[in-house]
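I opened this entry to record what I looked up, step by step, with the sequence and the model side by side.

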Amino acid sequence: MERLLRYSAEHERVIRLMLMDEAGNLSQVNARILRYDADTVDFITTRSPRTVTVPRSDILAIDFRKGDDGQVL
């Protein structure tokens with residue numbers, strides 16, 4: 001998880017996040033990470049561009065966006 005957060009933040013690349021909110025609802029978003037620390041993650045969503053801050057514990061999984069193989073030129 002740490003590697004993909006750093007990849008997105010350092011290279012301004014979009015990644016896919018699987019999130020669970022307090023009510024137990026699952027959601028998937030494509031987002032670019034702005035900053036993160038041990039407790040929170042700040043990102044911009046691609047569908048309706050807005051800045052979101054979530055507790056790191058709400059992130060269940062992170063993956064490369066479809067078509068991205070993680071190579072940086």
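Which residues have the most contacts inside the largest nonpolar core? I was working from a predicted model, and there I found a largest nonpolar core of 16 residues, in which Leu17, Leu19, Ile33, Val41, Phe43, Val54 and Ile62 have the most contacts. I then looked up where this core comes from, and noted that helix 1 (2-11), strand 1 (14-20), strand 2 (26-36), strand 3 (40-45), strand 4 (51-55) and strand 5 (59-64) each supply at least two of its residues.

Next entry, the overall fold. I counted 1 helix and 5 strands in the protein, and read their order from the N terminus as α-β-β-β-β-β. The radius of gyration is 12 Å, close to the 11 Å that the globule rule gives for 73 residues, so I put the protein down as being as compact as a globular protein of that length. For the C-alpha trace I wrote down spans of about 40 × 25 × 20 Å along the principal axes. Of the 73 residues, 33% count as buried, and of the contacts between residues at least 6 apart in sequence, 42% join residues at least 24 apart.

Then the surface and the charges. The accessible surface comes to about 5000 Å², and 46% of that belongs to carbon and sulfur atoms. I listed 11 positive and 12 negative side chains, with the centres of the two sets lying 7 Å apart.

Is Phe43 buried or exposed? Its relative accessible area is 1%, and Phe43 is therefore buried, the cut-off being under 20%. Leaving aside neighbours within four places in sequence, I found Phe43 in contact with a list of residues that includes Leu17, Leu19, Ile33 and Val54, each of which I had already noted among those with the most contacts in the core. Asn30 is 13 residues from Phe43 in sequence, and their C-alpha atoms are 9.5 Å apart.

For Ile62, not counting residues up to four places away in sequence, I recorded that it touches Met1, Leu4, Leu5, Ile15, Arg16 and Leu17.

The last entry concerns Gly70, which I located in the segment after strand 5. At 17% relative accessibility Gly70 counts as buried, and, with residues up to four places away in sequence not counted, Gly70 touches Tyr7 and Phe64. I also noted that Gly70 and Ser8, 62 residues apart in sequence, are 9.6 Å apart in space from C-alpha to C-alpha.

Technical notes:
Residues are numbered from 1 along each chain as its sequence is written. This is a predicted model: local features need pLDDT of at least 70, side-chain atom pairs count only at pLDDT 80 or more; totals for chains, interfaces and linings use all residues. Side-chain values use heavy atoms; hydrogens and water are left out. Helices (H or I, at least four residues) and strands (E, at least two) are DSSP runs, numbered from the N terminus. The radius of gyration is taken over C-alpha atoms; the globule rule is 2.2 Å times the number of residues to the power 0.38. Buried means under 20% relative accessible area, exposed over 50%, partly exposed in between (1.4 Å probe, protein chains only). Contact means heavy atoms within 4.5 Å. Accessible areas come from the Shrake-Rupley method with a 1.4 Å probe; for residues, only the protein chains shown count as cover. Lys and Arg count as positive and Asp and Glu as negative; His and the chain ends are not counted. The place of a charge is taken as NZ of Lys, CZ of Arg, CG of Asp or CD of Glu. A nonpolar core is a set of buried Ala, Val, Leu, Ile, Met, Phe, Trp, Tyr and Cys residues joined through side-chain atoms within 4.5 Å.
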